[in-house]
Amino acid sequence: MKILHEFVPTRKFLQMAEETKDLVDGWNITDSAAGVPAPSGTAVGCVLKVKYPDKIVMPIFILNYKGPVEVGALALAADAVGLDGLVLTFGDEPKYGEPLAPKYWKKSEDARDFLRNEIKLRRVKLGCLLSPRPWRERYGVKQFGVEDMVNRVKTGWDFAFFMRLTNETLPVLEQLSTEMRKLNIPLYTYFLIKTPRNAEILARIGWAPTTDLDNSAAYAEKLEGLVDGIIATCAGDYQGDLELLRRLSKLKKK
């Protein structure tokens, strides 16, 4: 099971990568989270892949911030460098300007097919986000079952990230894992940890944590054999991230 760090890039992203590189198998890089400009997830990913070629690098790729030319241009850079994957999603609305994705595509699958058929990517894998309870109105329903998620993956995604893992949704992940292995498609899960420093942030954004820091290693061990990797994050608590990664590092070679 691989250990990826949900990497939130700042101007000091090279220093941050150096601090975490020995603790992880790679990074899932955010892309201007909450619509606030930050160093581009794909650009940062390309730098990290060149600097650390043996690491897994899979940035989030927010379509709401990019027109088709920029979508194609960034994906081609990822393809040229050999990033391991791009996770396509409409994502948050931008702090500045209007959401761009709905102007060009009805869903993430349309952008995926554009990249494959028009831009003609050769190497980089394209992945999607799966959640049993996505909250955005555009999804049309409040809850998705395993069959819904599997059917989405079958439309042509190379891998998937599972969101909102808790004790309540763990049975869903277990069922999804069984189906994904039948399809031979990699499955990763976000691993959101509550700490004393991020409790207020989690309450504000309304996300339930997977577990707390003290129980993180034991909980991660339960995921062995279910997923190909976990994306570890303490959501806004970077020092918590470092402690979490130290606790999980013993699992990263399994």
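Student: What is the relative accessible area of Asn 64?
Tutor: Asn 64 counts as buried, a label given to residues under 20% relative accessible area, while exposed means over 50% and partly exposed lies in between (1.4 Å probe, protein chains only). This is a predicted model, in which local features need pLDDT of at least 70 and side-chain atom pairs count only at pLDDT 80 or more, whereas totals for chains, interfaces and linings use all residues. Residues are numbered from 1 along each chain as its sequence is written, and side-chain values use heavy atoms, with hydrogens and water left out. For Asn 64, the relative accessible area is 3%.

Student: Which residue has its backbone nitrogen 3.4 Å from a polar atom of the side chain of Asn 64?
Tutor: Contact means heavy atoms within 4.5 Å, and, leaving aside neighbours within four places in sequence, Asn 64 is in contact with several residues, including Phe 90, Asp 92, Pro 94 and Ala 101. A polar contact is a pair of N or O atoms within 3.5 Å; within protein, one must be able to donate a hydrogen and the other to accept it, and residues adjacent in sequence count only if both atoms are side-chain atoms. The backbone nitrogen at 3.4 Å from the side chain of Asn 64 belongs to Ala 101.

Student: Which backbone oxygen does the side chain of Thr 210 reach at 2.8 Å?
Tutor: Thr 210 is found in the loop between H8 and strand E9 (211-212), and at a relative accessible area of 6% Thr 210 is buried. Its contacts beyond four places in sequence include Thr 166, Tyr 190 and Tyr 219. The backbone oxygen reached at 2.8 Å is that of Leu 165.

Student: With which residue does Asp 158 form a salt bridge?
Tutor: A salt bridge is a side-chain nitrogen of Lys or Arg within 4 Å of a carboxyl oxygen of Asp or Glu. For Asp 158, the closest N and O atoms of the pair are 2.8 Å apart. The pair links distant parts of the chain, 42 residues apart, with Asp 158 in the loop between helix H6 (146-154) and strand E7 (159-162) and the partner in helix H5 (residues 108-117). That partner is Arg 116.

Student: Is Asp 237 buried or exposed?
Tutor: Asp 237 forms a salt bridge with Arg 197, the closest N and O atoms being 2.9 Å apart. The two residues are 40 residues apart, Arg 197 in the loop between strand E8 (187-194) and helix H8 (199-205) and Asp 237 in the loop between strand E10 (229-233) and helix H10 (238-248). Arg 197 is exposed at 58%, whereas Asp 237, at 4% relative accessibility, counts as buried.

Student: By about how much of the helix are Arg 247 and Glu 243 separated?
Tutor: The side chains of Arg 247 and Glu 243 meet in a salt bridge (2.9 Å, N to O), and both residues belong to a network of salt bridges that also links Asp 214 and Arg 246. Because Arg 247 and Glu 243 are 4 residues apart in helix H10, their separation is about one helical turn.
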